[in-house]
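User: Hi, I'm new to this one and would like a walk through it. Could you start with how the helices pack?
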Amino acid sequence: MEKNEISRIAISMSNSKELFILLTAAMIYLDTIYIFPDYVDVGEVISICKHRGLGMLYTAKQKTYKIDSYEMDVNDNNVKVVLFSSGTVKKPKGVMLSSLSLYNNAYAAYKCLQYSDKDKILISKPIYYSYCFTIEFLAGILNGASFYIYEEMFWPSKIDWIIRNKGITVWCTIPTTLKLFIKVIHEYSGVLRILGIGGEKTTTKLMESAKRYFINTRVVQMYGLAEAGPLVTCLDASYSFGKLNSIGAPVEGVSIEIRDSNNNIVDKPFQIGELVISSNSIMEGYLFLGSESKGEIRERKLFTGDLGYYDDEGYYYLCGRTDDVVKVNGRKVYCKEIELALLEIRGIENAIVICVNGKDSLMRLVAFVQVEKEIENKEIVHYCVKNKIYVPDEIRQIKQLPQSKNGKISLRKLRELVEKK
């Protein structure tokens with residue numbers, strides 16, 4: 001390769017046909033692509049380019065920056081793409097993925113969702129997130145599907161019009177936007193063949209609503225994380241009646257272990273522990289955070305930080321995060337368990353429970369519940385007591401839970417609300 005030939009680039013753009021074409025060409029012809037969310041400061045991106053040997057940066061409105069004097073102090077020959085995790089609590093981290101990792105996970109996504117070359121996939125989430133990049137973009141290309149790139153802010157009526165008028169057969173979305181779509185669009189008349197749901201834990205209530213709402217459509221729930229490629233498990237609601245609260249079974253090429261707090265493998269069903277993933281889709285490491293990634297990848301196994309268990313049929317279930325388990329009066333309390341219980345209460349559209357420091361450094365659980373009309377807190381307390389669920393120390397009703405730029409609930413903003421009180 002000649003000295004002036006550029007083989008490593010960075011892209012920081014929102015959804016567009018230009019981004020789609022650029023990514024497709026870059027995946028075929030270039031060695032390495034760093035894909036930044038479009039809200040990251042350009043100066044910060046250029047600084048990273050200089051230190052990682054990237055010769056060109058492409059940004060919105062087809063503006064490009066040529067990096068003339070850059071340092072080649074990198075050793076990432078196996079890395080094809082660097083994506084950024086969503087960072088609901090901490091700053092987003094660059095996840096480095098090899099060509100083999102991307103191919104394996106895209107193939108697993110294709111097998112899970114069963115794309116065909118006749119499908120038309122609606123891409124409504126930012127392509128720069130792993131869920132969209134691998135499961136929709138790469139898996140769709142792998143099977144010869146066509147695409148419709150949605151370039152605007154999410155609006156249910158526009159999505160509905162596109163599905164009905166553009167022949168969309170596949171739509172993958174996150175629970176937050178799916179709830180809004182079902183709420184606003186009272187009568188669905190599209191021809192969707194596949195509805196994929198992922199990016200957040202989906203409730204049983206939403207899965208049941210989706211099955212009733214999208215008639216003659218395969219509803220598939222997916223679980224994963226950017227560090228795993230991202231796809232780990234999937235659940236086809238059409239064949240999993242009675243297990244709609246499950247994240248499903250591992251996809252092709254993935255195996256899961258449950259490890260207890262002493263790092264021992266749990267070999268019995270219904271025993272809670274940390275999900276540990278083995279597959280050829282696991283990341284090479286974090287950008288600039290090699291020392292931190294070693295704490296999560298050991299012997300090519302990814303320790304996810306997610307707590308869960310499996311049943312006697314091999315279906316997996318999430319209980320929360322290792323850092324979401326607190327001891328209250330000597331009792332282990334799972335925040336996710338409380339959230340799922342709150343979502344069963346009529347009038348509560350969404351719920352998040354966070355752990356904060358109270359007086360005398362004692363831990364307190366604060367529940368934020370999203371409601372259209374205020375309900376009596378005593379109803380919530382009664383439901384928790386009746387179902388033997390730990391009652392949060394504080395319950396706050398809110399019209400809309402704060403979201404990050406990719407539509408996920410922002411835990412950081414919720415903690416700020418607690419601190420302001």
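Analyst: Axes here are lines fitted to C-alpha atoms, for helices over the stretch in contact, and angles run from 0 to 180 degrees between N-to-C directions. Helices (H or I, at least four residues) and strands (E, at least two) are DSSP runs, numbered from the N terminus. The model is predicted, so local features need pLDDT of at least 70 and side-chain atom pairs count only at pLDDT 80 or more, while totals for chains, interfaces and linings use all residues. Residues are numbered from 1 along each chain as its sequence is written, and side-chain values use heavy atoms, with hydrogens and water left out.

User: At what angle do helix 3 and helix 4 pack?
Analyst: Helix 3 (residues 99-113) and helix 4 (residues 130-142) pack at about 85°, with their axes 8 Å apart. They are therefore roughly perpendicular to each other (65 to 115 degrees; under 35 counts as roughly parallel, over 145 as roughly antiparallel and the rest as oblique). The contact (heavy atoms within 4.5 Å) includes Leu102 and Tyr103 of helix 3 and Phe133 and Leu138 of helix 4.

User: What classes of residue make that contact of helix 3 with helix 4?
Analyst: There are 12 nonpolar, two polar and no charged residues, where Ala, Val, Leu, Ile, Met, Phe, Trp, Tyr, Cys and Pro count as nonpolar, Asp, Glu, Lys and Arg as charged, and the others, Gly among them, as polar.

User: And how do helix 5 and helix 6 pack?
Analyst: Helix 5 (residues 156-165) and helix 6 pack at about 80°, their axes being 9 Å apart. The contact is made by Pro156, Ile159, Asp160 and Ile163 of helix 5, together with Leu180, Phe181 and Val184 of helix 6.

User: Switching to strands, which ones does helix 6 lie across?
Analyst: Helix 6 lies across strand 9 and strand 10 (194-197), running at about 120° to strand 9. An open sheet of seven strands has the order 8-7-9-10-11-12-13, with mixed pairing (two strands pair if DSSP finds at least two bridges between them). Strand 8 (146-149) and strand 13 (249-250) stand at the edges, each with a single partner strand, so one side of each is left without a neighbour in the sheet.

User: In what sense do strand 7 and strand 9 pair?
Analyst: Strand 7 (residues 120-123) and strand 9 (residues 170-173) pair in the parallel sense over two bridges, and the bridge partner of Ile121 in strand 9 is Val170.
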